[in-house]
Amino acid sequence: MTQAPILDVRDLSVALLSSTGNLPIVEDLSFEIGPGEFFALVGESGSGKSVSCLALMGLLASHLQARGHAALCGRALVGDGADPRRARSGAAMIFQHATQSLNPVRSIGFQLMETLRTVRREARSTAKSSAIGLLAEVGLANPERLLAAYPHQLSGGMNQRVMIALALAVEPTLLIADEPTSSLDVTMQAQILDLLDKLRRDRGMAVLFVTHDLAVAAERADRIGVLYAGRLVELGDTQDVFSKPLHRYTAGLLASMPRFGAPETRLPALAGSVPLPGAWPSGCGFAPRCVAATDSCRAVHPAFRGEPSHRYACHHPVRQLA
Amino acid sequence: MTLGFIGFVAQKTARALLTVLFIVTLVFFVLRLAGDPATVLLGPEATPDMIEELTVRLGLDQPLWRQYLAYLSNVLSGDFGSSFLHNRDALALVMEHVDATLLLSGAALAFALLIGVPLGVVSALHRGSAWDRAAMTFAVLGYCIPNFFLAVLLMLLLSIHWALLPTSGGGSLAHLVMPSITLGTASAAIIARFTRSAMLEVLGSRYMRAAEARDLPTVRLMVHHAFPNAAIPVVTVVGFMIGGMIGGSIVTETVFAWPGVGRLFVSSVANRDIPVVQVIVLLSGAAMVVTNLVIDILYGWLDPRIRLRRAAG
């Protein structure tokens with residue numbers, strides 16, 4: 001990433017508010033996304049991926065609170081002087097459950113044209129042709145007929161395309177995609193990913209792609225951030241992270257991936273499971289499952305270190321950076 | 001799609017007519033089992049000859065199935081028989097009282113909707129707040145308070161203590177206020193609760209979050225996205241309520257001496273005035289059926305999933 005970032009996240013934390021005290025869910029998340037960049041945020045369920053995205057969009061439920069700083073194109077999303085409504089106008093979000101993310105009693109055309117008319121302030125007549133154009137752009141056949149259709153008449157993959165069209169309607173510089181392909185079959189998954197890639201190139205739109213699927217991240221992302229127990233443990237160019245992982249969690253995950261053509265042996269698995277929020281250890285979150293953990297790991301949380309192109313948070317990295 | 005919708009309405013209408021026929025039949029047989037009208041009409045001093053004569057005159061000596069068929073063909077040709085007691089056309093007699101009952105039910109329903117829907121929406125939007133707690137306390141109270149008690153309470157306060165409204169009777173808007181509050185309060189409470197839970201469910205849905213992410217104005221989010229979805233369960237309860245109000249207005253009409261069908265019904269049952277009772281039961285049954293029909297059609301209009309499924313199958 002050489003250009004100035006469009007999304008700048010600094011020490012973003014999210015906590016669950018409760019009467020017995022606030023429970024941290026995401027802690028000190030810092031990363032940047034450049035214009036037109038495909039950034040993958042990878043982690044297991046419960047690692048805080050989705051909550052981080054919702055925090056950026058200002059869509060957290062009232063029992064969740066975000067702290068820290070995040071800015072999109074210089075406008076604060078989170079933190080001092082934040083006006084999420086204004087700032088996020090440059091961002092759009094798509095979700096895992098596309099069909100449920102569309103209003104069941106409103107037609108596709110209604111929802112698209114409504115967005116075009118209220119957000120882009122288009123006239124009724126131009127909104128219709130813009131809507132048809134957007135549906136065609138996301139690869140849907142018969143866009144004119146589709147305007148009258150309802151979400152329940154379409155497949156999950158088609159609805160995800162409609163969601164992408166809705167996202168494009170706000171002309172975002174950043175598209176936040178929260179596991180958009182996780183509930184789709186593999187063929188559809190590849191098609192949606194190809195579409196996102198194409199839109200990114202055509203429109204110069206950056207993508208923050210949240211996934212638990214390392215293979216998808218490896219294949220598509222320019223840069224990748226690995227989340228574990230609410231913290232970023234490794235961040236860097238996809239090439240570097242996958243070929244030379246530094247954090248032992250990343251290394252363990254990569255080792256557990258099946259490889260095409262490799263001899264059929266039992267895949268090494270990471271022992272144990274992700275600690276739940278509230279049960280995080282005081283030091284490094286991964287220490288209880290880590291083979292290299294020492295007393296210092298259990299006592300002190302490792303600081304983020306390394307080079308701008310490849311950073312990590314580990315006292316005992318797998319290898320030293322060259 | 002339009003043709004599908006017409007088919008959907010036609011199918012619903014046919015089913016509604018069948019229901020009305022079932023009501024007519026049931027009412028006919030149940031009433032014949034409820035006691036001999038001739039004996040009641042003539043009183044304790046009547047001789048067996050007099051009872052015999054009246055039985056023949058009213059056609060009650062015929063076999064039950066013949067009476068039923070005769071009644072059915074009469075009803076189909078618009079003849080509902082004449083009142084045993086008042087010796088005049090039963091339908092005309094009931095129709096004289098229908099306006100008052102419809103006016104009362106309509107006013108009560110309007111009261112229930114005007115109070116219940118806003119209360120439910122405000123509670124849902126400010127969940128857990130003092131507003132929410134106050135509204136839900138009202139809902140519980142409103143539902144629990146018996147309507148005859150509420151009627152007396154209103155009379156005591158508004159008529160006797162403050163002398164604002166007439167205690168009973170009909171004929172002016174002032175007469176309508178207390179009966180409609182009495183009849184509508186429980187419904188307002190139910191509507192408030194249903195609206196609240198329906199709104200909460202919709203507000204927590206994925207599509208509302210997605211719409212919010214698109215930065216749609218709040219008013220638009222509510223009016224075009226939340227309300228149409230939340231209306232579906234509310235419409236269901238309101239449908240049940242309308243039928244219930246016509247039946248439930250018997251107590252209210254009696255307490256406030258409202259000149260409606262409810263009071264006529266009570267006196268007709270007491271006097272075994274079978275033709276009048278039959279007309280009233282038939283009318284309220286038909287009202288229930290029509291309401292349900294309207295609700296079904298309204299569903300199709302509100303929810304494309306129902307409309308299009310019917311059109312396809």
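**Exercise 1.** Determine the handedness of the crossing of α4(A) and α6(A), and describe how these helices pack.

*Solution.* In this predicted model, the crossing of α4(A) and α6(A) is right-handed. Next, consider the geometry: α4 (residues 124-137) and α6 (residues 156-169) of chain A meet at an angle of about 125°, and their axes are 9 Å apart. The residues in contact are Leu134(A), Leu135(A) and Glu137(A) from α4(A), together with Ala165(A), Leu168(A) and Ala169(A) from α6(A). Sorted by class, this contact has five nonpolar residues, one charged and no polar.

**Exercise 2.** Characterise the packing of α11(B) and α12(B).

*Solution.* Begin with the angle: α11 (residues 261-270) and α12 (residues 274-302) of chain B pack at about 140°, with axes 9 Å apart. The two helices are therefore oblique to each other. Their crossing is left-handed. From α11(B), Val261(B), Leu264(B), Phe265(B), Ser268(B) and Val269(B) take part; α12(B) contributes Val276(B), Val277(B) and Ile280(B). By class, seven residues are nonpolar, one is polar and none is charged.

**Exercise 3.** Which helix supplies the largest share of the side of chain B that touches chain A?

*Solution.* The contact comprises 24 residues from chain A and 21 residues from chain B. On the chain B side, α9 (206-213), α10 (218-256) and α13 (304-312) each provide at least two residues. The largest share, seven residues, belongs to α9(B). By class, this side of chain B has 10 nonpolar, eight charged and three polar residues.

Methods
Residues numbered from 1 in each chain as written. Chains lettered and ligands numbered in written order. Predicted model: local features only at pLDDT ≥ 70, side-chain atom pairs only at ≥ 80, totals over all residues. Contact = placed C-beta atoms within 7 Å. Helix = DSSP H or I, 4+ residues; strand = E, 2+ residues; numbered from the N terminus. Nonpolar A, V, L, I, M, F, W, Y, C, P; charged D, E, K, R; others polar. Axes fitted to C-alpha atoms, helices over the stretch in contact; angles between N-to-C directions. Parallel < 35°, antiparallel > 145°, perpendicular 65-115°, else oblique. Left-handed = near helix turned anticlockwise from the far one by under 90°.
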